[in-house]
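Please examine the model shown below.

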Number of protein chains: 2
Amino acid sequence: MPPERKVSGSLLHANVHQELRRRFVTGKIMPGSTLSTRGLALELGVSQTPVREALSRLAAEGAVQIRSKRKIVVPPMTADRFCDLLRCRELLEPEAALAALPMIDRARLKKLKAADDSIGRALKTGDVNAYMEGNFNFHFLIYSAQPRRTLLQLIETLWLQFGPFMRVVYGRFGTANLTDQHELMIGALRRQDAAGLRRALIADIRDGMGLIGASGFEA
Amino acid sequence: MPPERKVSGSLLHANVHQELRRRFVTGKIMPGSTLSTRGLALELGVSQTPVREALSRLAAEGAVQIRSKRKIVVPPMTADRFCDLLRCRELLEPEAALAALPMIDRARLKKLKAADDSIGRALKTGDVNAYMEGNFNFHFLIYSAQPRRTLLQLIETLWLQFGPFMRVVYGRFGTANLTDQHELMIGALRRQDAAGLRRALIADIRDGMGLIGASGFEA
DNA sequence: GTCAAGAATCTGTGATCACACCTGCGAATC
DNA sequence: GATTCGCAGGTGTGATCACAGATTCTTGAC
């Protein structure tokens, strides 16, 4: 069979990487599950090559671990790792949010409000998928407004590792009482209130931390 | 020609990645220079495949940019990016150093002293290579003593992007008067003096920041 | 019926080939 | 002599093939 190349635009491996990245961030992939190059290639209708390239990148970003012996797994969840991730978020995200604060114009505020509404609807219907996606959009609408690309990249790395965990936690404990902080953040952004923004964001991150204490981890 | 496989141990692409990473961290690769898969493959005696995989990882870590049109370059240096990197370092590295502080035993202190001596010798002889390598070893001897792997990974990412820049700066301004902070850090570690450690480390990072102001960047 | 040994299969990894496209160098034309 | 057109070389990218090793299922003997 000839290669049958048609592609659409270009850069298959970039598309694959983005698709997988989306799955990670929105928690569509469970911690501890195993991925295979051939399986993903079949599923996405491409050859192994772009899948391998995408998986290398994800490995570099810590989203998957490449156990050289015949298995490539998304890292299992442990309390230590979860805590480490949250504390790193707590270090980096307030910095990004504060840098973004002066850049928030009316248009972006409108988008933020829309994202928060969509989160609210997801909470009502119990749609965890939509909640995860909305939460991601909400936070990165803020962070991407600031010009420090390296800082943004570090935060993306964290969310990539964090997504699968978050999904497990929310699946286990439900998604109640988590949206208040977003409202506070929007208010602080509107008032250009740096202290309030930092406070609300840290509280938002710590909400996740609180969930963790009791549950036995693994897988 | 038959594949002629001999490998050594295993995992070619891991070796390639590590080799390239070392070159980046120690500044053997200049900002703005271009790399090629075929060239590196030839130079390292492997095929393109492991090189491509390693380069994907490095791209994910921000060490190289993959301009889809025919060129893969190490990002050119700009004042904004340099400043962004340094501020991220300032955010993350003190956190790691303080977490490492209680873990520093006599053996590690001895290694730190040795690394600092080696830096001193490099400064005397003006050996920039040795200085870069020693500086890297010194800092990561500290950071790797603490258990937060994610935090460590983030810092490694920063150094990967930082290495080529640092080399340019030191090549341009010389490496004088930079070692004092390391002595102070060793002293603070010995005394388990958290505040002193933080102060010396931040000063060490800001030393780099000071160098940047006047010079016109690019390339 | 139980357990162990071997075959079949499926995995990641590396090499090689094929292709589209950009870059430069050279020659031909005005 | 200057400008433009075309061809050759080199690039990243994707597909395919080949191989080593691990896992799993089957099959055989006790």
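Rings of Phe, Tyr and Trp (its six-membered ring) pair if their centres lie within 6.5 Å; planes under 30 degrees apart count as stacked, over 60 as edge-to-face and the rest as tilted. One aromatic cluster is formed by F136(A), F140(A), Y143(A) and W159(A). The model is predicted, so that local features need pLDDT of at least 70 and side-chain atom pairs count only at pLDDT 80 or more, while totals for chains, interfaces and linings use all residues. Residues are numbered from 1 along each chain as its sequence is written, chains are lettered from A and ligands numbered from 1 in the order in which they are written, and side-chain values use heavy atoms, without hydrogens and water.

Over all chains, the structure holds 12 aromatic pairs. The ring centres of F140(B) and W159(B) are 5.4 Å apart and their planes stand at 80°, so this pair is edge-to-face. Buried means under 20% relative accessible area (1.4 Å probe, protein chains only); F140(B) is buried at 9%, and W159(B) is buried at 2%.

A residue is near a strand if one of its heavy atoms lies within 4 Å of it. DNA strand C is surrounded by 19 residues, the closest being T37(A), R38(A), L12(B), S47(B) and T49(B). Of the atoms of DNA strand C that come within 4 Å of the protein, sugar and phosphate account for 47%. Polar contacts, pairs of N or O atoms within 3.5 Å, also reach the bases: a polar side-chain atom of R70(A) lies 2.9 Å from a base oxygen of DNA strand C.

Note on methods. Polar contact = N/O pair within 3.5 Å; in protein donor to acceptor, adjacent residues only side chain to side chain. Buried < 20%, exposed > 50% of the residue type's maximum accessible area, 1.4 Å probe, protein only.
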